[in-house]
Amino acid sequence: MRPPPTPIPLPRTEVPQLLGSRVAHIAQALLWPVLILVALGFVYALWSAGATLMEAVQRRRPGYRLLQVPVGSSLETLELQVVRRLEAPRLLGRVAPLLGLVATMVPPGPALQSVAAGQGQQALAVFSSAFSGVVLALAAAAIALVVYSIRRRWLLAELLAIKTEQGWA
């Protein structure tokens, strides 16, 4: 029986450098997908705000109701409808700031390397894209949270009215 081969040890300074460079490459690869998600989140937030404004106009009509009450449905079914209708703005309101943080934290590494190499203009461009990403992300989150709050209030009021009408209260 042969003894297991002994691994060739790397010098202690090479392991952290190797790991650090791999992590930096992964982080850099995430930048564009994160910026695309931030832009999509911002577009969705604007669309959602417009849809909420349209719904506000529609709600001025008597008898308008967004929740559908199928025959034989239960309170749990209606509560699930409410949760489903609120899920997208709630999720965007929570995830967008995280994406903005990623968009802000990835670019400083290469930007600092550019500064060290004497290329200040290139570093300025990198920081500019990083900060515009976080601004869009925070704006998307703020819009989504407002939409979530307004729609939640409307849907809970509808749910309460339906509960009273159906005698579930």
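Start by selecting Trp47, an exposed residue with a relative accessible area of 56%; exposed means over 50%, buried under 20% and partly exposed in between (1.4 Å probe, protein chains only). Before moving on, a word about what is on screen. This is a predicted model in which local features need pLDDT of at least 70 and side-chain atom pairs count only at pLDDT 80 or more, while totals for chains, interfaces and linings use all residues. Residues are numbered from 1 along each chain as its sequence is written, and side-chain values use heavy atoms, with hydrogens and water left out.

**Stop 1: the aromatic pair**

Helices here are DSSP runs (H or I, at least four residues), numbered from the N terminus. Searching the whole structure turns up one aromatic pair. The ring centres of Tyr44 and Trp47 are 5.7 Å apart with planes at 35°, so the pair is tilted. For such pairs, the rings of Phe, Tyr and Trp (its six-membered ring) must have centres within 6.5 Å; planes under 30 degrees apart are stacked, over 60 edge-to-face, and the rest tilted. Tyr44 is partly exposed, at 28% relative accessibility. Also in helix α1 (residues 14-58) is Leu46, partly exposed at 44%.

**Stop 2: colour by confidence**

Now colour the chain by pLDDT, the predictor's confidence in each residue, from 0 to 100. The chain averages 87, and 92% of its residues reach 70 or more. Where pLDDT is low, predicted coordinates should not be read in detail.

**Stop 3: along helix α4**

Select residues 120-166, which form helix α4. Its 47 residues reach 68 Å from first C-alpha to last, close to the 69 Å expected at 1.5 Å a residue; the expected span is 1.5 Å times one less than the number of residues. Just after α4, look at Gly167, which takes a positive phi of about 75°.

**Stop 4**

Zoom in on Ile162. Leaving aside neighbours within four places in sequence, Ile162 is in contact (heavy atoms within 4.5 Å) with Arg65, Leu67, Val69, Leu78 and Trp168.

**Stop 4: the salt bridges**

How many salt bridges does a search of the whole structure find? There are four, each a side-chain nitrogen of Lys or Arg within 4 Å of a carboxyl oxygen of Asp or Glu.

Pick Glu55, buried at 7% relative accessibility. Glu55 bridges to Arg59, with the closest N and O atoms 2.9 Å apart; Arg59 is partly exposed at 21%. Glu55 also pairs with Arg151 at 3.9 Å. Arg151 is in helix α4 and Glu55 in helix α1, so the pair ties together parts 96 residues apart in sequence. Arg151 is buried, at 12%.

Next, show Arg65 and Glu165, whose side chains meet in a salt bridge (2.8 Å, N to O). This pair links distant parts of the chain: Arg65 in the loop between α1 and α2, and Glu165 in helix α4, 100 residues apart. Arg65 is partly exposed at 30%, whereas Glu165 is exposed at 53%. Finally, select Glu55, Arg59, Arg151 and Glu158 together: salt bridges that share partners join them into one network.

Technical notes. Helices (H or I, at least four residues) and strands (E, at least two) are DSSP runs, numbered from the N terminus.
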